Amino acid sequence: MFRLLFVLIIVVSAIEIALFVWLGNILNIWFVLLGIITTGFLGAILAKQQGIETLNRARLEMAKGRAPKEEIFDGVSILLGAVVLFTPGFLTDAFGFMLLIPITRRPMKKWAQGVVYAMIKKGTVTVIRR
């Protein structure tokens with residue numbers, strides 16, 4: 001798993017650098033820098049708005065006596081999306097925005113839920129209820 005993650009980080013970084021160089025040659029270096037700053041700023045605003053909304057939904061679920069399962073997965077997705085958006089790069093920014101926008105977050109969240117539930121079934125992850 002660590003090797004795969006390491007290779008993924010190297011490959012994504014190389015693609016991001018190539019994309020910066022290519023866009024800098026086509027457009028302008030200042031336009032590329034402005035794009036990086038703008039996506040980071042918009043991502044921060046969107047992450048804050050989505051995070052507050054998810055927190056409020058989680059509070060409502062708990063007030064009703066239910067576990068906020070969906071909201072936990074939403075919160076993790078929003079956190080991951082925000083972290084990815086603060087790394088410079090347009091490819092990572094696209095992935096980050098996909099995790100922050102509810103419509104595009106839904107399929108990724110369903111996939112993550114399937115992975116977690118499979119891990120619970122296999123015994124890799126243990127759930128302790130009190």
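1. A polar contact is taken here as a pair of N or O atoms within 3.5 Å, where within protein one atom must be able to donate a hydrogen and the other to accept it, and where residues adjacent in sequence count only if both atoms are side-chain atoms. By that criterion the side chain of Thr-92 makes a polar contact with the side chain of Thr-87, at 3.4 Å.

2. The model is predicted, with local features requiring pLDDT of at least 70 and side-chain atom pairs pLDDT 80 or more, while totals for chains, interfaces and linings use all residues. Residues are numbered from 1 along each chain as its sequence is written, and side-chain values use heavy atoms, with hydrogens and water left out.

3. Thr-92 lies in helix 4, helices being DSSP runs of H or I with at least four residues, numbered from the N terminus. Thr-92 is buried, with a relative accessible area of 15%, because buried means under 20% relative accessible area (1.4 Å probe, protein chains only). Leaving aside residues up to four places away in sequence, Thr-92 touches Val-12, Glu-16, Val-84 and Thr-87, contact meaning heavy atoms within 4.5 Å.

4. Helix 2 covers residues 29-63, and its 35 residues reach 51 Å from first C-alpha to last, close to the 51 Å expected, the expected span being 1.5 Å times one less than the number of residues. Its buried residues include Gly-35, Gly-40, Gly-43, Gln-50 and Glu-61, and what covers the buried residues of helix 2 includes helix 1, helix 3, helix 4 and helix 5.

5. At the start of helix 2, a side-chain oxygen of Asn-28 comes to within 3.1 Å of the backbone nitrogen of Trp-30. Just after helix 2, Gly-65 adopts a positive phi of about 85°.

6. The largest pocket holds about 890 Å³ of space; a pocket is an open set of points on a 1 Å grid over the protein atoms alone, where a 1.4 Å probe fits, with protein on both sides within 12 Å along at least five of seven lines, and lining residues have an atom within 4 Å of a point. Of its 26 lining residues, Leu-5, Leu-8, Leu-80, Val-84 and Phe-95 lie nearest the centre, and helix 1 gives the most to the lining, with 7 residues. The lining divides into 20 nonpolar, 4 polar and 2 charged residues.

7. The second largest pocket has a volume of about 370 Å³, and its lining includes Lys-69, Phe-73, Tyr-117 and Arg-129. Helix 3 and helix 5 each supply at least two residues of that lining.

Terms used. Grid points are joined across faces, edges and corners, and a volume is the space filled by probe spheres set on the points. Ala, Val, Leu, Ile, Met, Phe, Trp, Tyr, Cys and Pro count as nonpolar, Asp, Glu, Lys and Arg as charged, and the others, Gly among them, as polar. Buried means under 20% relative accessible area, exposed over 50%, partly exposed in between (1.4 Å probe, protein chains only).
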